[in-house]
Amino acid sequence: QKEIEIIFLNSEGVVYGDSEDRKNFRRFIREAHRRKMQVYGLQGNHWWAVPAGSRVSGQTNNSENGWRYVRRVVQFGMFDGIMDDTEPYLANTNGWWANIPQRAQWYVDWLSGVEKIIDGRIPFWTTIPFWYDQDARLVNLRLNGGDRPRPLNHYVSDIVEGFVRAAEGPR
């Protein structure tokens, strides 16, 4: 029987909750640590991968708000890492597929911003759909001014310390 090593705990209560919520998070995380488990703050909003003022149809959030969220999670100081589940393709899915180079760059910019905030203090993981390196539209991208085409998952893995391959998502 394998022991649980990492728990991914939704971090919204730390950011949007009250002092009682944060107290409950502290209690839970201390107990997990006592039992030799790490606790990663789970976060994600597909609009966080879209910059403010981008004029993407239906935009309800943006990268700046997401980075504020991350700062609060890091300032809480008890999480052993961050697991980001921002699914950029869900922020106006048709717009994603119609503007892949721009939207993929925004996603990489989002992740880079998170990494700058974390600044190596705690591990940073993300979810990556299996099709990031299988969909023909995503395997030959030139992002960050690069001259050599690469799959989106390679750009992501340059930024994060670990990832979980997820099977779902629109294609």
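Q: What should I know about the model before reading side chains?
A: This is a predicted model, where local features need pLDDT of at least 70, side-chain atom pairs count only at pLDDT 80 or more, and totals for chains, interfaces and linings use all residues. Residues are numbered from 1 along each chain as its sequence is written, and side-chain values use heavy atoms, with hydrogens and water left out.

Q: When do rings pair, and how many aromatic pairs are there?
A: Rings of Phe, Tyr and Trp (its six-membered ring) pair if their centres lie within 6.5 Å; planes under 30 degrees apart count as stacked, over 60 as edge-to-face and the rest as tilted. By this rule there are 16 aromatic pairs. One of them is W48 with W110, a tilted pair at 5.4 Å centre to centre with 40 degrees between the planes.

Q: Are W48 and W110 buried or exposed?
A: Buried means under 20% relative accessible area, exposed over 50%, partly exposed in between (1.4 Å probe, protein chains only). W48 is buried at 3%, and W110 is buried at 0%.

Q: Why is the pair of Y107 and Y132 edge-to-face?
A: Because their planes are at 80 degrees, with the ring centres 6.2 Å apart. Y107 is buried at 0% relative accessibility, and Y132 is buried at 0% too. Ring pairs also link Y107 and Y132 into a cluster with Y89, W96, W97 and W131.

Q: Which charge sits over the ring of W97?
A: A charge sits over a ring if NZ of Lys or CZ of Arg is within 6 Å of the ring centre and within 35 degrees of the ring normal. Here the charged end of R137 sits over W97, 3.8 Å from the ring centre.
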